[in-house]
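Here are some exercises on salt bridges, with worked solutions. Have a go at each before reading on.

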Amino acid sequence: MSQMDVAKYRIALFPGTFDPFTIGHESLVRRGLSLVDEIVIAIGVNEAKKSFFPLDQRLSMIRGLYENEPRVRVESYDCLTIEFAQKVGAQYILRGIRSVMDFEYEKTIADMNRAISGIETFVLFTEPALTHVSSSHVRELLRYGHDVSGFIPKGIELKKIKSSKK
């Protein structure tokens, strides 16, 4: 790649806990790839939050899903999101919005991130058919033994998810 091409190469960081990664997340990645050259799916590690799935399992599931998509990388981080964005060379942060409540929350964080780092956030509205899908709802269904195959991308092995049920 020439110096000019490198300057134009657009990377977006898509941060979250992805506990688990849902069809809503998958939709955002697919649609985001039409806007940037590469997306780094960044699993944030927050020791204060108890996760349903271990970090290594979330990394493995999402990496497996995108193993044939060279424009998607999957990493984890335990620092400020903007610090990790800078580390991976991301010029943008990708976020999804399902509701007005999501908008208020995401706008505040986007404004703070831009003030601190200059990194822009772009948001994609959730597709109407997916507004009810959230990781927390999927975890709740799993806790009670319900089938979640309609909410999880087809490439993620459901056996792994079911075996993690508590």
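**Exercise 1.** Find what joins the side chains of Glu69 and Arg71, and say how exposed the two residues are.

Solution. Start with the atoms: Glu69 and Arg71 meet through their side chains in a salt bridge, 3.7 Å from N to O. The term takes a side-chain nitrogen of Lys or Arg within 4 Å of a carboxyl oxygen of Asp or Glu. Next, accessibility: Glu69 has 25% and is partly exposed, and Arg71, at 30%, is partly exposed too. (Buried is under 20% relative accessible area, exposed over 50%, partly exposed in between, with a 1.4 Å probe and protein chains only.)

Before going on: this is a predicted model, where local features need pLDDT of at least 70 and side-chain atom pairs pLDDT 80 or more, while totals for chains, interfaces and linings use all residues. Numbering runs from 1 along each chain as its sequence is written, and side-chain values use heavy atoms, leaving out hydrogens and water.

**Exercise 2.** Work out which parts the Glu38 and Arg73 pair ties together.

Solution. First, the contact: a salt bridge joins their side chains at 2.5 Å, N to O. Then place them: Glu38 sits in strand β2 and Arg73 in strand β3 (residues 72-77), so the bridge ties parts 35 residues apart in sequence. (Strands are DSSP E runs of at least two residues, helices H or I runs of at least four, numbered from the N terminus.) Finally, Glu38 is buried at 8%, whereas Arg73 is partly exposed at 29%.

**Exercise 3.** How many salt bridges does the structure hold?

Solution. The count is 10. Look also for a network of them, which links Lys107, Asp111, Arg114 and Glu120.
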